[in-house]
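Hi,

Here is the structure I said I would pass on to you. Have a look at it first, and then read my notes below.

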Amino acid sequence: MDPKMEPRHTIAIWVDNTPGVLSRVTGLFSGRGFNIESLCVAETMDPEVSRITIVSTGDEQITEQIIKQLHKLINTIRVVDLSEQEHVEREMVLVRVKAEDKSRAEVLRIADIFRCRVVDVSASTYTLEITGNHDKIRAVLDLLKNHGIQEVARTGTLAIQRSKKE
Amino acid sequence: MKLTGAQILMKCLEREGVKHIFGYPGGVVLDIYDELARTPSIRHILVRHEQAAVHAADGYARASSQVGVALVTSGPGATNTVTGIASAYLDSIPIVVITGQVPTNLIGNDAFQEVDIVGITRPCTKHNYLVKDVKDLARTLHEAFHIARSGRPGPVLVDLPKDVSQASTVPKFPETVKIKSYNPTYHANPRQVARALDMILHAQRPVLYTGGGIVLSDSSEGLFKFATSLQIPVTSTLMGLGGFPGDHPLWMGMLGMHGTYCANMAVSQADVLIAVGARFDDRVTGKLSEFAPHAKIVHIDIDPSSISKNVKVDIPIVGDCKDTLDQLNELLEDKPVRDWTEVRRPWLDTVNEWSTTHPLTYTWDDKVIKPQFVVEKLYELTKGEAYITTEVGQNQMWAAQFYKFRHPRRLMTSGGLGVMGYGLPAAMGVQMAKPDDIVIDIAGDGSIQMNIQELITVVDNDLPVKIAILNNSFLGMVRQWQQLFYDRRYSATPMTAPDFVKLAEAYGAVGLRATKPEEVEPVIREALSTRRPVIMDFKVEPEECVMPMVPAGKAMHEMLLA
Ligand SMILES: Cc1ncc(C[n+]2csc(CCOP(=O)(O)OP(=O)(O)O)c2C)c(N)n1
Ligand SMILES: [Mg+2]
């Protein structure tokens, strides 16, 4: 089956901020044949703890295994499948797109509609900063593709739980 | 008082109660070996290959319930341990492997005998450490032992750079371990346990399917009580053998690829399957979709990731097998008394019929020794009380089928990884832990050649290990598959071997040989009567197959019987 067809899961993992931990996490994914679509990692407010956000695809059983195996790593403090709860997802993308003659205005219009920022301009290109969830990013990139994308850099998905409404 | 890293290491080992370590020296562990020579409380056994040090530590751990320890040098010393570590990992055996490393300032420089052993062993250790500061050493070692023996046990590797073992500090030896991210669940959720018991009490055709977890958690008594109270027939994996007495009427034999007809049929027909400390390995389940098709499944395991990994479980219970069985037995006491022998009669009659119509058997031959006969005789003449290690292949399966293990921790076998060459070094480790008991390596002619160099270690240390080679002049198990599934095209499986009797003598051990069935018993008797290490070379039927057999990927009821 095309892995893209399987449900996406956004998993947040809190780990000890010590050398080698990231490779334990990614080694687990490759060693057990789990899929990683994107991965972000950085320190938390507690410098001894890092937060990793992984987007993975797989059915329910695979996701359950991923979470259990992550828990099993000695350096893992907490694992949450954010897809199971109300959460906010964001990814940031920098994209340099061709923008010549009549397409210059069109690219700007797309940027405007999707609230992208223009972060660099040349005579024949715009570089845009897009922030949004998975669907929005895909929508913008699909539109920009028609104009010719020269280069893309993506952060991968970040996510956080929504606060509980009283 | 200031101590060097090497001195701290010795103190830590003493504090963990370590009496024996298996090892091999080299450049970066010189300081450690220097200190070891001045530490009379710890006996070092010098092996002849680092792989053997790890298997020996593994055998030692299984027999003694203590953490086994291996000590090796960097580079090739470290890489030689990998097979042993991976085997201990798959079998959940508590060992600590200490590897020397090049000095910290050279790490990453491709220095002489440098390998990233922490990177190499990351996927096959429960956890591993590189100690970069002597101040962290005492705490790290304490954590390493704690992690190795707690929860689901497993191997832990500690990589110790040379300059760290030379540096000095005033050590603080921690009394407790605090790892905020590591907290195994021992106590099973009582509500889940109660639900499970309800389901079990209502079962018509219950089966207990037990694994290595029973042995590792020392819960055979609880298992025995539970099974006999409710008259539930028991089967186990290779790793679980001895967890339930192999001569008890409720015992059905091992299940799986080379399991008994009875055990496999019972699982196929069960309405409730109670898995305890087992992990539904493919050698057990065969074709997954047809495994225990009528059964509701209760799965008790300390490792949550084992539950629902391969099969969907109806009642998952995360907890120590011992704790859970104790809870089940306690709950049972409050239930109304029923005559379980009467209730269970129809099911046990069916089970008994399977075992009487299709017992484990082989055809007797007057002229040629049948390998199964050798194992039967070993069982008989040791009264089932010996510590048995095995190599891998047919010898391993015949040992599992025909030696009826009556106690836990009596069978040491590389179950998960299936390492040829495990048996002799493991036997060495077992004999260190159990100096006055009979230890026998049931071996194949191929496997024994993989770590035969350890015979000199055994002789050097006056270990009376017995090696029973089922010599079929083949890599028998592989040949069996060629015989059955590849039209008997024996590609690379005929195996030559040295004259094992002369070889034994060359090493300073005793060599004996049997070529006819009537010689088997006298040879075993002679071997058991001496305190010296012995090789028994049994020339057995070359083309014997291990039966029954569920071909890989087939369902259990599709098993071949002969
Ligand atoms: C290190 C290693 N290499 C290869 C194998 C594959 N293998 C499994 S059983 C076997 C044959 C073992 O032959 P022998 O020791 O003579 O035992 P027999 O099956 O003949 O009793 C082989 C090659 C293995 N298990 N381990
Ligand atoms: Mg053989």
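Let's start with chain A: going from the N terminus, its elements come in the order β-α-β-β-α-β-β-α-β-β-α-β-β. That gives 4 helices and 9 strands. Before you go further, keep in mind that this is a predicted model.

Some overall numbers for chain A: along the principal axes, its C-alpha atoms fill a box of roughly 55 × 40 × 40 Å. The chain has 166 residues, and 43% of them are buried. If you take the contacts in chain A with a separation of 6 or more, 73% are between residues 24 or more positions apart.

Now for two helices of chain A. Helix H1 (residues 21-31) and helix H2 (residues 60-72) pack at an angle of about 145 degrees, and their axes are 11 Å apart. The crossing of H1(A) and H2(A) is right-handed. Which residues make the contact? From H1(A) they are Val25(A), Leu28(A) and Phe29(A), and from H2(A) they are Ile66(A), Gln69(A) and Leu70(A). By type, that contact has 5 nonpolar residues, 1 polar and no charged.

Next, the aromatic rings. Searching the whole structure turns up 14 aromatic pairs over all chains. One of them is Phe29(A) with Phe34(A), an edge-to-face pair with 5.9 Å centre to centre and 80 degrees between the planes. Phe29(A) is buried, at a relative accessible area of 1%, and Phe34(A) counts as buried too, at 14% relative accessibility.

Over in chain B, have a look at Tyr403(B) and Phe405(B). Their ring centres are 5.0 Å apart and their planes are at 40 degrees, so this pair is tilted. Are these two buried or exposed? Tyr403(B) counts as buried at 1% relative accessibility, and Phe405(B) is buried with a relative accessible area of 4%. Chain B also has an aromatic cluster, formed by Tyr209(B), Phe280(B) and Phe291(B).

Rings also turn up beside charges. In chain A, the charged end of Arg104(A) sits over the ring of Tyr126(A), 4.6 Å from the ring centre. In chain B, Arg338(B) lies over the face of Trp340(B), at 4.6 Å from the ring centre.

Why is H12(B) described as largely enclosed by the rest of the structure? Because 8 of its 9 residues are buried. The buried residues of H12(B) include Tyr261(B), Asn264(B) and Ser268(B). What do the buried residues of H12(B) pack against? In chain B, they pack against strands E9 (206-210), E10 (234-236), E11 (251-254) and E12 (272-276), along with helix H15 (340-357).

Last, some backbone details in chain B. Met547(B) and Pro548(B) are joined by a cis peptide bond, with omega about -5 degrees. You'll find Pro548(B) in the segment after strand E20 (534-539).

Gln113(B) has a positive phi, near 55 degrees, although it is a residue other than glycine. Look for Gln113(B) in the loop between strand E5 (95-101) and helix H6 (117-121), where it counts as partly exposed at 29% relative accessibility. Ser308(B), again a residue other than glycine, has a positive phi near 60 degrees. Ser308(B) is in the loop between strand E13 (296-301) and strand E14 (315-318), and at 10% relative accessibility it counts as buried.

Cheers

Note on methods
Residues numbered from 1 in each chain as written. Chains lettered and ligands numbered in written order. Predicted model: local features only at pLDDT ≥ 70, side-chain atom pairs only at ≥ 80, totals over all residues. Heavy atoms only, no water. Axes fitted to C-alpha atoms, helices over the stretch in contact; angles between N-to-C directions. Left-handed = near helix turned anticlockwise from the far one by under 90°. Contact = heavy atoms within 4.5 Å. Nonpolar A, V, L, I, M, F, W, Y, C, P; charged D, E, K, R; others polar. Phe/Tyr/Trp six-rings, centres within 6.5 Å; stacked < 30°, edge-to-face > 60°. Buried < 20%, exposed > 50% of the residue type's maximum accessible area, 1.4 Å probe, protein only. Lys NZ or Arg CZ within 6 Å of the ring centre and 35° of its normal.
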